Amino acid sequence: MACNCKDIDFGSEENFAQQIMVNIPSHMEGYKQARLREGLSDKICIDPCIIDEVKELWSFGIETHGCCCGHNKAESFVNVHEKEIEKMLSLGYVQNHPDKSRKDTFRLKSV
């Protein structure tokens, strides 16, 4: 899916309005409970242009901890639990975080 976020600013009302709210998958119960302890929702919002790819990662059992399409202003990314790093590399994902010591951030393939 193409990214139509060209003129949408990060964190803007328009950004939140176009995102898709989904339930946190059952294999990410620990993440869900941590969010609830912090007073956050048991649902997460995902940019529509990357939702299929994130759901595919979930179908492989990968635990994600945030993602963004980049809004045509920055690189797309998905953060994963550290236990998922090797699996992401085996799926051909490229690590992509400005802080090179962080190995849990990967560039998405669909954007």
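A: Begin with burial: a residue is buried under 20% relative accessible area, exposed over 50%, and partly exposed in between (1.4 Å probe, protein chains only). This is a predicted model, in which local features need pLDDT of at least 70 and side-chain atom pairs count only at pLDDT 80 or more, while totals for chains, interfaces and linings use all residues. Residues are numbered from 1 along each chain as its sequence is written, and side-chain values use heavy atoms, with hydrogens and water left out.

Q: Which secondary-structure pattern does the protein chain follow along the sequence?

A: Helices (H or I, at least four residues) and strands (E, at least two) are DSSP runs, numbered from the N terminus. The protein chain has four helices and five strands, in the order α-β-α-β-α-β-β-α-β. Of its 111 residues, 39% are buried.

Q: Which residues of helix H3 are buried?

A: An α-helix has 3.6 residues a turn, so residues three or four places apart point the same way. In H3, residues 51-59, the buried positions are Ile-51, Glu-53, Val-54, Leu-57 and Trp-58. They lie on the same side of H3 because they cover an arc of only 165° around the axis, taken from the directions from the helix axis to the C-beta atoms. The exposed residues Asp-52 and Ser-59 are on the face turned away from that buried side.

Q: What covers the buried residues of H3?

A: Cover is read from contact, meaning heavy atoms within 4.5 Å. For the buried residues of H3 it includes strands S1 (20-23), S2 (43-46), S3 (64-68) and S4, together with helix H4. Just after H3, Gly-61 takes a positive phi of about 85°.

Q: How many salt bridges does the structure hold, and which residue does Lys-83 meet in one?

A: A salt bridge is a side-chain nitrogen of Lys or Arg within 4 Å of a carboxyl oxygen of Asp or Glu. The structure holds four. In one of them, Lys-83 meets Glu-63 at 3.2 Å, N to O. This pair links distant parts of the chain, 20 residues apart: Lys-83 is in the loop between S4 and H4, and Glu-63 in the loop between H3 and S3. Lys-83 counts as exposed because its relative accessibility is 53%, whereas Glu-63, at 8%, counts as buried.

Q: Which parts of the chain does the salt bridge of Arg-107 and Glu-75 tie together?

A: The closest N and O atoms of Arg-107 and Glu-75 are 2.8 Å apart. Arg-107 lies in the segment after strand S5 (105-106) and Glu-75 in the loop between S3 and S4, so the pair ties together parts that are 32 residues apart in sequence. Arg-107 is partly exposed at 31% relative accessibility, as is Glu-75 at 46%. Another salt bridge joins Asp-104 and Arg-102 at 3.0 Å, N to O; Asp-104 is buried at 18%, and Arg-102 is partly exposed at 31%.

Q: Where is Glu-84 found, and what does its side chain reach?

A: In assigning charge, Lys and Arg count as positive and Asp and Glu as negative; His and the chain ends are not counted. Glu-84 is in the loop between S4 (77-80) and H4 (85-90). Glu-84 is buried yet has no salt bridge, and the nearest side chain of opposite charge, Lys-87, is 4.0 Å away. The side chain of Glu-84 does reach the backbone nitrogen of Glu-63, at 3.1 Å. Leaving aside neighbours within four places in sequence, Glu-84 is in contact with Gly-61, Ile-62 and Glu-63.

Conventions. Polar contact = N/O pair within 3.5 Å; in protein donor to acceptor, adjacent residues only side chain to side chain.
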